[in-house]
Amino acid sequence: MPKITFITATGESIIAEGTSGSVMELAKQYNVSGIDGDCGGVCSCATCHVHVAPADFNKTGAASEIEADMLELDDNVIKFSRLCCQIEVSDAVDGVTLTVPG
Amino acid sequence: MKVSKLPDPFKSAREDKGYGEMDDQNDPVTMLLRLKDVRKSAHKYQTFTSEAKPGRIVVPSEVAIRDVRQIPFEVDPPMHRDYRTLVEDWFRRPNAPDYQAKLSVLVEEVVALALSADKIEVINEFSLRLQSRALTLLLNVPLEISKTWIDWGTHVFRSEGEALDGNKAAILYDYIDKEIDKAIANPGEDMYSVLLASEINGRKLTKEEVKGVMILTFAGGRDTVINALTNTIAYFSDHPESLIRLRREPEIIDKTVEELIRYFSPLTHMGRVVTEDTVVCEHAVKADTRVSLCWASANRDAAVFERPNEVILDRKMNPHVGFGFSHHNCLGATHARQILKTLIRTLTEKVSSIEILESEDNIEELGHFKRKVGFHKLVAVFS
């Protein structure tokens, strides 16, 4: 089962396991602080912003154009930013580390 | 034309030049119509401020009827962040299971009433009733208080044939003053008391600040929620197949709520005051004039949304701005989403069809744009 590590803004580390759905949904299931997913995962609210560990960025891939447009206006955006509602839980992302921006 | 259809009056202006113009009580407004421009301008508070004279960023302007600053709505960062942090947890309570259970009971009661009547006028007998009753949960006050709010009618600020009604606004402001005084005398667990006990930057919120938050809570969530509920009923009347699909696939209800909010855009636009001479869409706008962020137009922008004029229940990429965008995105969105989710779920469980007998459109006039935002009257039979 794919494992994903979330690191919250306060430095807490949460290892989550799931088989399907989006990474945002997985984070909510594990009550990861700072991942609200207000819009339910349609890329409208940017409340599921994470920084992907640089070494894992090839696993998640880069943001799509619509997602990148949303991130562009987030004050905490970096090169490795993603909205995790747009990342599917699958073997492809097994082992990635995602940090919730402060 | 189907009764639930909300045409997009902005298409040609949005595609040709990207902005529109309208007058409003001799304080003209340049309307920004494209999604990207709307989002960027919403984000750039330094140039497009919300912290103007109270009431001026609202279109139609409320300058003539209001002196109290709505909080956090009419405050820019960084102070905005402090206010927002103070109230955010309270406005996220609709995510809690016990809040949702109470809301379900309220929604089921209103739907049961509609089913038991021969016919109902949806705005007054369904949407206003549900909006007011649900607001008691958000404020954490007894349900019977909603009777007073229902008696106020559908508009807090507006009345028939008159954009702004100072007398109606006074009813709300006087009411809030009295409720704040009651909470000072007898503090409880209601929103007034919680705000009065709150501290910002090491001091208690003032009575004026509490009033500013309460006015925003009442006014911001009234017409908008009523329009969203009424339009939802009209939509399912026209689209019984959607109700059937949602009954079979309840897992898509979250996406449906976002799509209906995009399509309905219950708040057409919101203004900002320009702080420095600047340019939008190659059009010069002067300092101390107004622009508006036209959510309704941005939400039909074909540069972003495929088939923008269709309701696609499970639309996957839906970066709509129906709840605004950036710092000032809708504080009541969690509550509003939860009402709509609960309503849709309840309709799929309890209602087989909705028939519209009579309708009268509510059309806003915005310069030469005419936008249907909902209804003045909608008579329906639930079965």
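Reader: Is Glu365(B) buried or exposed?
Author: This is a predicted model, and the residue belongs to strand β11 of chain B, residues 354-366. A residue counts as exposed when its relative accessible area is over 50%. Glu365(B) has a relative accessibility of 57%, so the class is exposed.

Reader: What share of the contacts in chain B between residues at least 6 apart in sequence joins residues at least 24 apart?
Author: Contact here means heavy atoms within 4.5 Å. Among the contacts between residues at least 6 apart in chain B, the share that joins residues at least 24 apart is 69%.

Reader: What is the radius of gyration of chain B, and why does it agree with a compact globule?
Author: The C-alpha trace of chain B spans about 60 × 55 × 40 Å along its principal axes. For 383 residues, a compact globule would have a radius of gyration near 21 Å. The value for chain B agrees with that because it is 20 Å.

Reader: How many residues of α10(B) are buried?
Author: Chain B has 14 helices and 12 strands, and helix α10 of chain B covers residues 223-238. From first C-alpha to last, this helix reaches 22 Å, close to the 22 Å expected at 1.5 Å a residue. In chain B, 59% of the 383 residues count as buried. Helix α10(B) is mostly covered, and its buried residues number 16 of 16.

Reader: Where is Ser265(B), and is it buried or exposed?
Author: Ser265(B) sits in the loop between α12 (253-264) and β7 (270-274) of chain B. Its phi is near 40°, a positive value in a residue other than glycine. Most residues other than glycine have a negative phi. With a relative accessible area of 0%, Ser265(B) is buried.

Reader: Which residue of chain A has a positive phi of about 60° although it is not a glycine?
Author: The residue lies in the loop between α1 (23-29) and β3 (49-52) of chain A. Its phi is positive, about 60°, and the residue is Ala46(A).

Reader: Which residues does the cis peptide bond with omega of about 5° join?
Author: Most peptide bonds are trans. The bond from Ile71(B) to Pro72(B) is cis, with omega near 0°, and Pro72(B) lies in the loop between β3 (48-49) and α3 (79-91) of chain B. Pro78(B) is also placed in the loop between β3 and α3. The cis bond with omega of about 5° joins Pro77(B) and Pro78(B).

Reader: What is the radius of gyration of chain A, and what does the globule rule give for 102 residues?
Author: Chain A contains three helices and five strands, in the order β-β-α-β-α-α-β-β. The globule rule gives 13 Å for 102 residues, and chain A is close to that, so it is as compact as a globular protein of that length; its radius of gyration is 12 Å.

Reader: Which residues is Ser13(A) in contact with, leaving aside neighbours within four places in sequence?
Author: Ser13(A) is part of strand β2 of chain A, residues 13-17. Its C-alpha atom is 19 Å from that of Ile87(A), 74 residues apart along the chain. Beyond the neighbours within four places, the contacts of Ser13(A) are Thr5(A), Phe6(A) and Ile7(A).

Conventions
Residues are numbered from 1 along each chain as its sequence is written. Chains are lettered from A and ligands numbered from 1 in the order in which they are written. This is a predicted model: local features need pLDDT of at least 70, side-chain atom pairs count only at pLDDT 80 or more; totals for chains, interfaces and linings use all residues. Side-chain values use heavy atoms; hydrogens and water are left out. Helices (H or I, at least four residues) and strands (E, at least two) are DSSP runs, numbered from the N terminus. The expected span of a helix is 1.5 Å times one less than its number of residues. Buried means under 20% relative accessible area, exposed over 50%, partly exposed in between (1.4 Å probe, protein chains only). The radius of gyration is taken over C-alpha atoms; the globule rule is 2.2 Å times the number of residues to the power 0.38.
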